[in-house]
Amino acid sequence: LVKGLTLFFVSAAQWFVLVGMRNPVKPHFFFIHEHFERFLLKEHHREAAWWVFFALLAAGSVPWLGVLVQSLVAGARGNGETTRFRPRLMLLVWVAFIVLFFTKSNSKLPGYILPVFPGVALRVAHYLDVGTRRGRMVKAGLTALLGVALLATVPFMLKLAKHPGEDVLYAAYQPWVLAAGLVLLIGGCLAMLYARQMLRDLFVVVLAVAGFAGTELMLVGFEPIGKVRAGVDLLPALKAAGAADPAVKVYSVGIYEQSLTFYLGRPVILVDYRDEFDFGLQQQPELAIPTIPAFVAQWRAAAAAGRHDVAITRPEIAADLQRQGVPLRIVAADARRTVIANF
């Protein structure tokens, strides 16, 4: 432990020391606020139900969900591990500690438990190698049931549309989910047959291929919905309005579009929005406008002076600005956001 911790701090601490010297407020923000306060408090509004990480663990373990619990229980038993170092028990601690730790946290984001999956993969792989025929058949059966569940959800998918016009996108997504369900159903049934015949390698290969193909079908089919959520279809209109020109100010009013801002390739001026930017804006308050009325004053002044500005906002905010007589032109819009210009 002494040698390991020494090596760890020698290799990892230098960056934090240098950043702390340049930015004296950084150590408190990073070590206290982003760890202890984020864990203990709810001010970031990232809380979720206590079971969310268990659900994510289950979803991330497909198609090996059927042996997940058995593989972890086998790690606790540690059959045959007589040495001081017990790798199966270590893998169980690896998975359990991370899941339980973040389950207790008041801040819950899906990425928090990503480090569990190498440990899960090793535990599952070992169990598949030494597990029983019955366990493999149960596992294959659960994969087939997952396929049935996907098939059963297809007729109800249009209810997932939360904004006008999105029902068309989900209708186009239905065949992809149908195909994924069929792949998992057929793969699960075929794997069950191989498990019954004690053909272990074929059982594993079929499940791996079915799980991978089913997942990819759902991801590829979801791409058009993802593009709409990201707002990338608004980019041509944004750039045509001058948003790519550094001389043109781009505001983000009452909203912050992470994906759209990334694809735009330039920073925006936040208006009436702080959230995760609160720490940075405390250091550089000039990078944001605290209220919409203050933004409107700047927007009117720029329009009167002939300076071109662009803003990304919610449809209801754009409509409210129009009712107030604020000079604006709607450049582009979708169900989630509206792009306006002052010229």
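Biologist: Where does the largest share of the nonpolar patch come from?

Modeller: The largest share, 4 residues, comes from α2, where helices (H or I, at least four residues) and strands (E, at least two) are DSSP runs numbered from the N terminus. This is a predicted model, in which local features need pLDDT of at least 70 and side-chain atom pairs count only at pLDDT 80 or more, while totals for chains, interfaces and linings use all residues. Residues are numbered from 1 along each chain as its sequence is written, and side-chain values use heavy atoms, with hydrogens and water left out.

Biologist: What makes up the nonpolar patch on the surface?

Modeller: Trp15, Phe16, Phe31, Ile32, Phe36, Leu40 and Leu41 form the patch, with about 710 Å² of accessible area together (Shrake-Rupley method, 1.4 Å probe, only the protein chains shown counting as cover for residues). The elements giving two or more residues to the patch are α1 (2-22) and α2 (26-40). A patch of this kind joins nonpolar side chains (Val, Leu, Ile, Met, Phe, Trp, Tyr) within 5 Å, each residue having over 30% relative accessible area and no salt bridge.

Biologist: Why is Ile32 called partly exposed?

Modeller: Ile32, in helix α2, has a relative accessible area of 33%; because buried means under 20%, exposed over 50% and partly exposed in between, Ile32 counts as partly exposed.

Biologist: How do you know how α4 and α6 are oriented to each other?

Modeller: Helix α4 (residues 68-77) and helix α6 (residues 116-130) pack at an angle of about 90 degrees, their axes 9 Å apart. Angles of 65 to 115 degrees count as roughly perpendicular, and therefore α4 and α6 are roughly perpendicular.

Biologist: What makes the pairing of Glu257 and Arg337 a salt bridge?

Modeller: A salt bridge needs a side-chain nitrogen of Lys or Arg within 4 Å of a carboxyl oxygen of Asp or Glu, and these side chains meet at 3.3 Å, N to O, so the pair qualifies. The pair links distant parts of the chain, 80 residues apart, with Glu257 in the loop between β1 (249-253) and α11 (258-264) and Arg337 in the loop between β5 (329-333) and β6 (338-341).

Terms used: Patches are made of residues with over 30% relative accessible area and no salt bridge: like charges are joined within 9 Å, nonpolar side chains (Val, Leu, Ile, Met, Phe, Trp, Tyr) within 5 Å. Buried means under 20% relative accessible area, exposed over 50%, partly exposed in between (1.4 Å probe, protein chains only). Axes are lines fitted to C-alpha atoms, for helices over the stretch in contact, and angles run from 0 to 180 degrees between N-to-C directions. Angles under 35 degrees count as roughly parallel, over 145 as roughly antiparallel, 65 to 115 as roughly perpendicular and the rest as oblique.
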